[in-house]
Amino acid sequence: MPHMQMRDLKENPVLSREPLKSSMNQKKSPQMKIKSGDKFEDGKKSLGRRNGRRRGRGHKVDWLLDGKKLEPISTPCKSLTFHRRPGYGQLGTKCMVKANHFLAEIPGSDLSHYSVDINPEVSSRKLNKAIMTELVKLYRNSDLGMRLPVYDGRENLYTAGSLPFTSKVFTVILVDEDEGTGNVRKREFKVTIKFVALASMAQLRNLLSGKQVDTPQEALNIIDTVLRELAAQRYISVGRFLYSPNIKKPQALGGGLEAWRGFYQSIRPTQMGLSLNIDMSTTAFFEPLPVIDFVAQILGKDVYSRPMSDADRVKVKKALRGVKVEVTHRGNVRRKYRVSGLTTQPTRELIFPLDEHMNMKSVVDYFLEMYGYTIRYAHLPCLQVGNKKKVNYLPLEACKIVEGQRYTKGLNEKQITSLLKVSCQRPREQELDILQTVQHNGFDQDPYAKEFGINIDSKLASIEARVLPAPWLKYNDNGKEKEYLPQVGQWNMMNKKVINGSTVRYWACINFSRSVQESTAHGFCQELVQMCQISGMEFNRDPVVPIYSARPDQVKKALKYVYHAAANKLEGKELELLIAILPDNNGSLYGDLKRVCETDLGLISQCCLTKHVFKISRQYLANLSLKINVKMGGRNTVLLDALSWRIPLVSDIPTIIFGADVTHPESGEDSSPSIAAVVASQDWPEVTKYAGLVCAQPHRQELIQDLFKTWQDPQRGTVTGGMIRELLLAFKKATGQKPLRIIFYRDGVSEGQFYQVLLYELDAIRKACASLEPTYQPPVTFIVVQKRHHTRLLASNHSDRSSTDKSGNILPGTVVDSKICHPTEFDFYLCSHAGIQGTSRPAHYHVLWDENNFTADEIQSLTNNLCYTYARCTRSVSVVPPAYYAHLAAYRARFYIEPEASENAKERCMRTSNGSSVRPLPALKERVKNVMFYC
């Protein structure tokens, strides 16, 4: 049986073996009730460290985040540096893979940086670019000394050599169309170009050669700007993405939208040098339809002969506001306007003042007399375009949507399915598209790249990777298969029983689906109970009360009725589990049910859709049983190495593993709070059960505000609390030991926020520990997990079936920590899952801080092995489970935000440190927060 040898195990000879026994025998973990103000009792004991493993390699750090000095722990904040790579991993089977990175050669000489000031001031980047393009066209051969500059659209201009002046004012006349009125206008701009400094390439070369220096962001921005300049002229630019209808034929998504193909492009410092990362992308654009056809599509009905209802009008107004349209009733004159609204009256009733004397004219007559155009659909409203002072009316039939406008609002389920179908590509197709994109971009012929001396390789980077071995999993000794070694990232529950089956004595079922008869619901429940018993749970066959049928709009009433009916029958004992049958399209029902159960009643629930109740599959029931078991406090499987104390830097001393994530509201929602979630393991050495906490915080705030907090209580004075502290106390209560090591997986952080998040959140972890005991400072490893990056790993030979899974993707366990990784910092790419469809995206792990001094093999192997312990399925997952669970918990908590029903909602908002107010989430009930309710 393969396993990693534990180093220095002899250094901790006195270790309690109690958790091992309890993991094999326990049925249900004790309830964890924690009061604010609890302390760890055994405060004076030494923290215990391994010889030769210092807490940190760095200098001393004084943590001065909010003005208060904490105990010195390890580097002054200013010199806080990310952890250096401790070496390269060796574990696993070596293989070659390709990555969508292209080597870039950069100029040897420094570049010149100039500031740009445009007068009158312009807020639009697009207009700024148009002004500069005109300036270069007019003055390149004269005043600019033949230089071809690049401009970032704001205040910065770069050249490959000096311009023949240090400061100069240019006059540019721009002819364009006013979006409000549609009139052609001439505008004059004064553009001042002033020398700022030489932009040094030396620091970038130092970084690429492996010296530890701050990332030279300016040098990277210049090269990025140069390589995007030509593409931005050819394509429609959206952040770092570029789209065009010519890359691939746009595909209709329904509802007046179509999918455009495009690509992502970014320059990155890597071990092999500077690398251009290119990845394919698909997004939704407005279809350039006549507006009347667009309206017919979004309403899904005949609008050509029937008048529009008020509800339809609101829907159309919402869909069209801000969209650019062009008129079609004036032959070759195609004036463009931006839609500001929709009239309440139909076109035939609309009149407007023709002049200052208030001579009125109808829209129908005006179009006939002015343009000889007869309005055919006068029963429909008009578009309102332009500003409030001078509103223009345009009939729907006389307008067409301008091509090239990205759709930024939410898509419906049908559109999402269509978009996924269009964008889903097998690895071989994805590779061909990426290579074709590089070829089309023609960097070798790009005048800007030539001017700046930048060359881009046309071949994908070829990298040495390793496939880490899958871990052995332990199941219950009562099953036929007591231990199992997964093959290619997936397995099943055949002949296996969960390692710790939970007990469900008191359960009930509510049927919210009108189409499900009581007999069908009863049959389904019996099948589910039987599957739970087969999988190793103790499950009472009969519900406490008969199956209750209820209307979806009576969810709270139904839940409370069943809960109290069960309580009356049980005489003091409580209902433990609710099975809920929901209609397939249930709107807000699911979220309402979860909110009431978890924040009001303290009840664990399992929802099932009607389609699964009618068509019962064994696989579906097996998956439900896995979910129910962990929600009720059981364990499904445990790493065999955990039970035999063989996981380096986890098994030697009590270790707690955290997962944290922040989810933000959808784009377009500008007031909803962001939701932070933190989960933490509650068992050791198994590290399988995770308790979770959630909190609301200011809109789009990425730093987790409630990791540690203090507040004044009239009776108790200063009180300390927060999510870290509460989870540390819960661990102590569940295991009887305090954590002597912390591993913190943080999801959802972009590279630009690494430093800020580490500084703030590591400080909060420190303060939470110190609040329990002044001397309590367990060593911390802080790892950022990224899934929203654009690096893809592809098989070196797509025809070699031994190096790919069924979907044609690289094998689960494939890890890369060289060549395309950071030149000095400790990061790695890990594809821990088997592909299902499309091209697998590896997770990117970045070890920002490590006082436990993990080797590359130790942290890579731990992370990969944990991916096999995800409770909801028998597959290794793509992201380390604690981070995955935090994401699920944050997603669940969004349902807890009640609609602003009352007038005094603002009074219940809490003030945050930065002054913004957020309405706190309703608290999770004690029974819920100590189990994996979010699964």
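Reply: Let's start with a term we'll need: a residue is buried under 20% relative accessible area, exposed over 50%, and partly exposed in between. Keep in mind that this is a predicted model.

Now to the salt bridges, of which the count comes to 37. In general, side chains of opposite charge can pair when their charged atoms come close. Take Glu 229 and Lys 129, whose side chains meet in a salt bridge at 3.6 Å, N to O. Glu 229 sits in helix α4 (residues 217-234) and Lys 129 in helix α2 (residues 125-139), so this pair ties together parts that are 100 residues apart in sequence. With a relative accessible area of 26%, Lys 129 is partly exposed, while Glu 229, at 9%, is buried.

Next, have a look at Lys 929 and Glu 926, which form a salt bridge at 3.9 Å, N to O. These two are 3 residues apart in helix α21 (residues 926-929), so about one helical turn separates them.

Another pair is Asp 706 and Lys 709, whose side chains meet at 3.6 Å, N to O. Asp 706 counts as buried at 13% relative accessibility, whereas Lys 709 counts as partly exposed at 34%.

Finally, there's a network to find: salt bridges link Lys 248, Arg 261 and Asp 433.

Technical notes
Residues are numbered from 1 along each chain as its sequence is written. This is a predicted model: local features need pLDDT of at least 70, side-chain atom pairs count only at pLDDT 80 or more; totals for chains, interfaces and linings use all residues. Side-chain values use heavy atoms; hydrogens and water are left out. A salt bridge is a side-chain nitrogen of Lys or Arg within 4 Å of a carboxyl oxygen of Asp or Glu. Helices (H or I, at least four residues) and strands (E, at least two) are DSSP runs, numbered from the N terminus. Buried means under 20% relative accessible area, exposed over 50%, partly exposed in between (1.4 Å probe, protein chains only).
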